[in-house]
Amino acid sequence: MKAPVLVAHALERRVRLRAPALAGHRRACERVAEQLAADPGCEVVTVRPATGSVIVERLDGALDPERLRGRLAELVSEARDDEGRLLVAPRPDAHPGPTRVARAVAHAVAAINADVREAMGYRADLGTLLPVVFATAGLAEVGVTRRLPAPAWFNLLWWSLRSFMTFNPGAVSEELRTAIGGDAPSDPAFAGGGPGEAGPPRGER
């Protein structure tokens, strides 16, 4: 099974790639960095295990992004985790599906929603009514107290997460595909020298 690797950004002397299979595997990142840095054209290789990204740089001459992508894909396909398992091995438990409780709750809510929809003559359902009820309750509170209270931190956190998922559906779906072995866009590459980073970077010549 070949590891998915993407070219995230490419300049003449600097290429950033992403290998999702490397994310979370510090020692594997170090080994892959060493092997990739052995290439005469890769003068500096930096890695961040938290994101599964790789930056390759050289001082003179141009880099070939596709050749680097292919080489990195080969290395990642052969890389193993701390327990000796291939990083690209299928992981059936990555998305095990809903639990029994989740199914029961979903079934109960669907039944209630069906009753509400029928009672409203199929003109509205919970998805329509609840936002209206919450908005009305909020306006009523402001009208009674004459104050506009600041939202709690957990509300702000939830709204920020929900807003991100609402306005970035493509990024969310691509990340889910990445988790099960598909392609995904990249994030910042790994650096091989600082805190929380894995290397080793190959020094400049």
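This is a predicted model: local features need pLDDT of at least 70, side-chain atom pairs count only at pLDDT 80 or more; totals for chains, interfaces and linings use all residues.
Me: How many helices and strands does the protein chain have, and what pattern do they follow?
Reply: The protein chain has six helices and four strands. Along the sequence they run β-β-α-β-β-α-α-α-α-α. Helices are DSSP runs of H or I with at least four residues, strands are runs of E with at least two, and both are numbered from the N terminus.

Me: Why are α1 and α2 called oblique?
Reply: Helix α1 covers residues 26-37 and helix α2 covers residues 65-78. They pack at an angle of about 140°, with axes 10 Å apart. Axes are lines fitted to C-alpha atoms, for helices over the stretch in contact, and angles run from 0 to 180 degrees between N-to-C directions. Under 35 degrees counts as roughly parallel, over 145 as roughly antiparallel, 65 to 115 as roughly perpendicular, and the rest as oblique. Therefore α1 and α2 are oblique to each other.

Me: Which hand does the crossing of α1 and α2 have?
Reply: The crossing is right-handed. A crossing gets that name if the near helix is turned clockwise from the far one by less than a right angle, and is left-handed if the turn is anticlockwise.

Me: Which residues of α1 and α2 meet, and of what class are they?
Reply: From α1 come V32, Q35 and L36; from α2 come R71, L72 and L75. By class, this contact has four nonpolar, one polar and one charged residues. Contact means heavy atoms within 4.5 Å. Ala, Val, Leu, Ile, Met, Phe, Trp, Tyr, Cys and Pro count as nonpolar, Asp, Glu, Lys and Arg as charged, and the others, Gly among them, as polar.

Me: What makes α3 roughly perpendicular to α4?
Reply: Their packing angle is about 85°, and their axes are 9 Å apart. That angle makes α3 roughly perpendicular to α4. V109, I112, N113 and V116 in α3 meet L126, G127 and L129 in α4. This contact holds five nonpolar, two polar and no charged residues.

Me: Why is D125 called buried?
Reply: D125 lies in the loop between α3 (100-119) and α4 (126-145). Buried means under 20% relative accessible area, exposed means over 50%, and partly exposed lies in between, using a 1.4 Å probe and protein chains only. D125 has 15% relative accessibility, so D125 counts as buried.

Me: How do you know that the side chain of D125 makes a polar contact with R117?
Reply: The two side chains are joined at 2.7 Å. A polar contact is a pair of N or O atoms within 3.5 Å; within protein, one must be able to donate a hydrogen and the other to accept it, and residues adjacent in sequence count only if both atoms are side-chain atoms. The D125 side chain also reaches the backbone nitrogen of G127 at 3.2 Å.

Me: Why does Y122 count as exposed?
Reply: Y122 sits in the loop between α3 and α4. Its relative accessibility is 61%, so Y122 counts as exposed. Y122 also has a positive phi near 60°, in a residue other than glycine.

Me: What about R146: buried or exposed?
Reply: R146 is exposed, because its relative accessible area is 74%. Its place is the loop between α4 and α5 (153-167). R146 has a positive phi of about 60°, although it is not a glycine.

Me: Why is L68 called buried, and what is E74 called?
Reply: L68 is in helix α2. It has 1% relative accessibility, so L68 counts as buried. Leaving aside neighbours within four places in sequence, L68 contacts V15, L17, C42, V56 and L63. E74 is also found in α2. At a relative accessible area of 42%, E74 is partly exposed.

Me: What makes S53 buried?
Reply: S53 is in strand β4, residues 53-57. At 0% relative accessibility, S53 counts as buried. Its side chain makes a polar contact with the side chain of T51 at 3.4 Å.

Key. Residues are numbered from 1 along each chain as its sequence is written. Side-chain values use heavy atoms; hydrogens and water are left out.
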